[in-house]
Amino acid sequence: MKSHIFLTFIAAALLLASPAGAQERKPDAPGAKWEGLADTPQMGWSSWNKFQTNINETLIKDIADRMVSLGLVDAGYVYLNLDDGWHGERDERGFIHEDPEKFPSGMKALADYLHSKGIKLGIYSDAGTNTCACYAGSLGHEYQDAFMYAYWGVDYLKYDWCYTNDINPKGAYALMRNALRAAGRPIFFSMCEWGSSKPWEWAAEVGHSWRTTGDIGVGFLPIPQRYDENGNKMWTPLGVMPIVDLNEPLRKYAGPGHWNDPDMLEVGNGKLTLAENRAHFALWCMMASPLLLGNDVVNMKKEHLEILENKRLIAVDQDALGKQAKRIRKSRIFDVLVRPLADGAIALCVLNKSRRSQKFEFDLTALKNEEYVKDYTKTSYVMENLWDGRKVADVNSVSATIASHDAIVWKLK
Ligand code: GLA
């Protein structure tokens, strides 16, 4: 009975959201997206990197409980995002439902559970006929899906780009933005079309973040091209450094309300060394990236938790100025990135890309010549190592030995 009333309500809402009504509301006018949801980059956990479509209610509740007990929610990781594979079938009226075997208590009950723990629920769909893992996409059901998400109590939507054929991305993403607005519940809109149509040039009024690259894999340097048994090229994910190379130059497009998204974190997913995990996290914080954990939180190692809960680095990521770092030096050995911060300080990150420990030396007064941070420079600084919080006063140069594939971030004030 209850669901009958709900469907009648949805049908009425769909009528209100008809194209004629939509024209009066100028759906493409700036401001139609939900404001105030992305003053700083989103933080949370997503199921994809570790579990792919092997998700279910028990796993997700365990992850949620663990996010609370490990202090991750308090550290700012407030979204719990179900990626691909939560879907069941559309009913005869076209409404999407959760997979009844994976989520027997239903999506609304899961949202209530998460909300009771101070966690927000994220969900995933696709602008095409199907999701990338071939579940039902939202094409032709955008308003219905948005209303269903709002009814369930969803707080975040990642919207993917598989099976879109010749659909226009600007139209497709604006359509879902309008649907989310019409559904009446503030929902963070995370665009995921891998940078193909340069969303950074047009999507500030559409989404709260947009992916800038293809999918990340567990690798630091370029991941070797994969081939099938017949020698044909197969889809291959990107390592951390190739993603940095693609995302860093897009810094001018990011800012409060609209962020470049270089994909979810692989910290703690094996294969990466501890130094590489640190560097990956440090670079994402420098680039004002969404911090979406992609590991098995229930069984995570203490050393990975320590990286992910580093308050000083999280504060750089979440800095109110919202300026993505600029890479000011790039050599075979070191990359140097700088980022101005809201309190007048500079975050300085040095990455050792080589295969052995290297000594890094740098005259901090040279920062005066860097346009990006020029207004933030001093003749001497209090220099704080953000990994351990140790401070040294009155310095004007850096000299440090950095391990292979490790990154140090200092705050210069
Ligand atoms: C695409 C996205 C990934 C993930 C998968 C799910 O590849 O880029 O982040 O959501 O789809 O199938």
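**Entry 1: a helix on the inside**

Buried means under 20% relative accessible area, exposed means over 50%, and partly exposed is in between, using a 1.4 Å probe and protein chains only. I also need the rule for elements: helices (H or I, at least four residues) and strands (E, at least two) are DSSP runs, numbered from the N terminus.

Before going on, I note that this is a predicted model, where local features need pLDDT of at least 70, side-chain atom pairs count only at pLDDT 80 or more, and totals for chains, interfaces and linings use all residues. Residues are numbered from 1 along each chain as its sequence is written, and side-chain values use heavy atoms, with hydrogens and water left out.

I started with helix α8, residues 240-247. Six of its eight residues are buried, so α8 is largely enclosed by the rest of the structure. I wrote down the buried ones: Val-240, Met-241, Pro-242, Ile-243, Val-244 and Asn-247.

**Entry 2: the ligand**

Next I looked up what sits around the ligand. A residue is near a molecule or strand if one of its heavy atoms lies within 4 Å of it. There are 13 residues around the ligand, and Asp-83, Asp-84, Lys-158, Asp-160 and Asp-215 come nearest.

Then I checked polar contacts (pairs of N or O atoms within 3.5 Å; within protein, one must be able to donate a hydrogen and the other to accept it, and residues adjacent in sequence count only if both atoms are side-chain atoms). Asp-215 has a side-chain N or O atom 2.5 Å from an oxygen atom of the ligand. For Trp-194, a polar side-chain atom is 3.0 Å from a ligand oxygen atom. For Arg-211, the distance from a polar side-chain atom to a ligand oxygen atom is 3.2 Å.

**Entry 3: pocket and cavities**

On a 1 Å grid over the protein atoms alone, a cavity is a set of points where a 1.4 Å probe fits but cannot get out, and a pocket is an open set with protein on both sides within 12 Å along at least five of seven lines; lining residues have an atom within 4 Å of a point. Grid points are joined across faces, edges and corners, and a volume is the space filled by probe spheres set on the points.

The largest pocket has a volume of about 430 Å³. Its lining has 29 residues, with Trp-48, Asp-215, Ile-216, Trp-235 and Pro-237 nearest the centre. I see that α3 (48-51) and β6 (156-160) are the elements giving two or more residues to this lining. By class, I get 14 nonpolar, four polar and 11 charged residues. (Ala, Val, Leu, Ile, Met, Phe, Trp, Tyr, Cys and Pro count as nonpolar, Asp, Glu, Lys and Arg as charged, and the others, Gly among them, as polar.)

How many cavities of 30 Å³ or more does the structure hold? I get two. The largest cavity has a volume of about 100 Å³, and 14 residues line it, with Asn-81, Asp-83, Tyr-156, Lys-158 and Met-264 closest to its centre. Both β5 (120-126) and β6 supply at least two residues of that lining. The second largest cavity holds about 40 Å³ of space. Its lining is Lys-33, Trp-34, Arg-177, Leu-180, Ile-187, Phe-189, Val-206 and His-208.

**Entry 4: single residues**

Asn-81 is in strand β2, residues 79-81. Is Asn-81 buried or exposed? It counts as buried, because its relative accessibility is 5%. Apart from neighbours within four places in sequence, Asn-81 touches Trp-45, Ser-46, Ser-47, Gly-122, Tyr-156 and Leu-292.

Val-382 is in strand β17, residues 381-385. With a relative accessible area of 34%, Val-382 is partly exposed. I also looked at Ala-150: its C-alpha atom is 48 Å from that of Val-382, and the two are 232 residues apart along the chain.

Last, two positive phi values in residues other than glycine. Gln-52 has phi near 45 degrees and is in the loop between α3 and α4 (57-69). His-405 has phi near 60 degrees and is in the loop between β19 (397-402) and β20 (407-412). At 33% relative accessibility Gln-52 is partly exposed, whereas His-405, at 6%, is buried.

Definitions and conventions:
Contact means heavy atoms within 4.5 Å.
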